[in-house]
Amino acid sequence: MIRGEQLSKSYDNVTALAPTDIHVREGKITAIMGGSGSGKTTLLRLLAGLDKPGSGHVWYGDEDLCAITDRRLYELRQSMGMLFQYSALLNSLNVYDNVAFPLHEHTDLDETVIHTMVSMKLEQVGLRGFEEMMPSELSGGMAKRVAFARAMSMDPKIVFFDEPTSGLDPISSGVISTLIQNTAQKNHMTSIVVTHDVQAGLAIADHVILLWQGRIIAKGPPDAIRESDDARVQQFLEGRPDGPIPFSRSTTSYIDDLTHRPGTVRLES
Amino acid sequence: MTDLSIKQSALAVFFGQLGRHAMRGIEQLGDGTMLGLNALTLIFRRPWQGKHFVLQMQALGVGSLVIIVITGAFTGMVLALQGYYTLAKFGSESLLGAGVGMSIIRELGPVLGAFMIIGRAGSSITAEIGIMRVTEQTDALEMMAVNPKQRILLPRIVAVTLAVPLLVSLFDVVGIGSGYIVGVELLGVNPGAYMGELIAKITMHDIYGGWVKTVVFGFMIGMICTYMGYRSEPTTEGVARATTQAVVVASVGVLIVDYILTSFFL
């Protein structure tokens with residue numbers, strides 16, 4: 001359904017994503033995992049059409065997202081939803097209006113119908129009764145759940161999740177993971193989940209893509225990823241500090257930096 | 001290195017930096033113009049943004065009323081004081097009304113009014129849009145199939161373009177009125193002379209000139225402040241920098257364009 005072909009992206013001559021091919025299966029949950037700065041969010045934004053790739057194409061069926069008009073892109077987006085890392089609720093609107101926003105924008109439904117639909121979505125995330133609260137009054141977990149309800153308000157065919165469980169307590173994290181899994185199964189929804197939460201990613205995904213330094217280093221079903229003999233994959237899954245993926249990103253020698261700074265006393269042997 | 005070559009290399013660095021700044025400025029001017037025009041073309045496309053335009057008029061226009069009234073009042077008062085002091089030396093106190101009115105309608109109303117609106121409404125436009133960028137609200141709108149240029153930029157540009165002439169008209173009325181109070185009630189200028197000279201000396205040409213300025217300033221403020229917010233670096237520091245830049249660029253822009261327009265309308 002969604003296919004990325006030789007997608008790449010650079011920022012100020014720094015490669016965020018090397019040319020990458022990706023195929024997202026219809027009605028399945030695809031988890032894109034990797035450490036910080038591995039290119040996960042870049043890839044997600046390219047697939048969602050929020051950024052233009054440096055090279056390559058994003059195919060939605062037989063339509064190239066990079067070549068269609070803005071009007072067509074907005075039409076396509078009416079069947080998409082996205083949960084942002086920091087929720088991205090519209091802070092001038094209360095919870096009800098945030099969840100109802102896409103319905104008000106793109107449907108001619110009567111307000112009573114919209115009200116019922118919003119209540120259903122809020123019930124699903126356990127926040128019915130919080131309609132009048134403003135985003136600034138919500139905790140991080142509540143804001144994520146409201147954002148989830150908003151992403152689902154149009155019953156989208158494709159949903160993008162950017163770090164849906166980051167910064168949440170284990171219970172909220174579990175709730176969000178379960179919601180993603182249940183909704184995807186019930187609605188036969190195509191879900192793309194970007195996460196560095198290994199347990200959540202492997203638990204909910206049908207297909208996993210692992211990125212490192214802007215390149216795919218492993219892909220396949222969760223079991224295949226777990227059993228991979230690639231040392232980088234195992235280091236990431238086990239969260240070990242030592243291994244082929246270096247923790248330190250320093251580009252110069254620490255000892256040289258300390259001993260060659262102007263004014264540093266040198267000890268001669 | 002000789003002294004000459006040191007001077008030459010310093011000059012090369014200076015002109016190099018100057019050139020880079022100039023290029024960046026031209027780039028931003030082009031980008032801002034394209035972004036603003038792109039937003040304006042969406043005025044004829046559904047969904048209509050009437051409700052959002054009214055909300056912006058309320059937030060930016062009504063929200064600036066108090067500051068405009070205060071600034072207008074004190075500008076008129078100080079002009080009357082200074083004008084009376086100068087005119088009295090020539091025995092021409094009766095011209096006070098014309099002097100106050102002409103200064104306010106032609107120059108001080110549009111420029112000071114624009115400055116106040118930049119400080120009150122322009123900075124808030126840039127900061128608000130910048131914060132929407134930082135918190136990914138503009139991306140969220142995109143993903144909800146709502147064009148942020150149409151929803152966020154367009155109503156603000158149109159609202160400021162229309163709010164500035166209205167607010168400056170109020171500034172003019174309050175300024176002339178407060179000048180009357182100081183001139184007539186405090187300094188003893190003949191009320192008939194104040195109003196008579198005001199009506200006799202100020203022509204429709206003066207009023208049109210001031211009005212054209214306010215429309216141009218309003219459009220400029222809208223374009224600059226929305227552009228700076230929309231293109232701000234999505235960090236808290238970036239938004240702060242963009243807000244400062246928007247105020248500085250819009251204020252300097254108003255002065256430059258004011259000179260150009262004045263030279264046309266004289």
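**Exercise 1.** How much area do domain 1 of chain A and domain 2 of chain A bury between them, and what percentage of it is on carbon and sulfur atoms?

*Solution.* Note that this is a predicted model. Start with the bounds. Domain 1 of chain A covers 2-79 + 156-259, and domain 2 covers 94-153. Next, take the spacing: their C-alpha centres lie 27 Å apart. Then count contacts. On the domain 1 side of chain A, 15 residues touch 10 residues of domain 2 of chain A. The two domains bury about 970 Å² between them. Of that area, 73% is on carbon and sulfur atoms. Finally, check for salt bridges between these domains: the count is 0.

**Exercise 2.** Locate the largest cavity and describe its lining.

*Solution.* The search of the whole structure gives 3 cavities of 30 Å³ or more. The largest has a volume of about 120 Å³. It is lined by 15 residues. Closest to its centre are Met80(A), Gly81(A), Arg150(A), Met143(B) and Met144(B). Now assign elements. Strand E6 (80-83), helix H3 (95-106) and helix H5 (140-152) of chain A each supply at least two lining residues, as does helix H5 (137-143) of chain B. E6(A) gives the most, with 3 residues. Sorted by class, the lining has 9 nonpolar, 4 polar and 2 charged residues.

**Exercise 3.** Which residues line the second largest cavity?

*Solution.* This cavity holds about 50 Å³ of space. Its lining is Leu46(A), Gly49(A), Asp51(A), Lys52(A), Pro53(A), Val58(A), Leu65(A), Cys66(A) and Leu73(A). By class, that gives 6 nonpolar, 1 polar and 2 charged residues.

How values were computed: Residues numbered from 1 in each chain as written. Chains lettered and ligands numbered in written order. Predicted model: local features only at pLDDT ≥ 70, side-chain atom pairs only at ≥ 80, totals over all residues. Heavy atoms only, no water. 1 Å grid on protein atoms, 1.4 Å probe; cavity = no way out; pocket = protein on both sides within 12 Å on 5 of 7 lines; lining within 4 Å. Points joined across faces, edges and corners; volume = space filled by probe spheres on them. Helix = DSSP H or I, 4+ residues; strand = E, 2+ residues; numbered from the N terminus. Nonpolar A, V, L, I, M, F, W, Y, C, P; charged D, E, K, R; others polar. Domains from an automatic or database assignment. Contact = heavy atoms within 4.5 Å. Buried area = accessible area lost by both parts, 1.4 Å probe. Salt bridge = Lys/Arg side-chain N within 4 Å of Asp/Glu carboxyl O.
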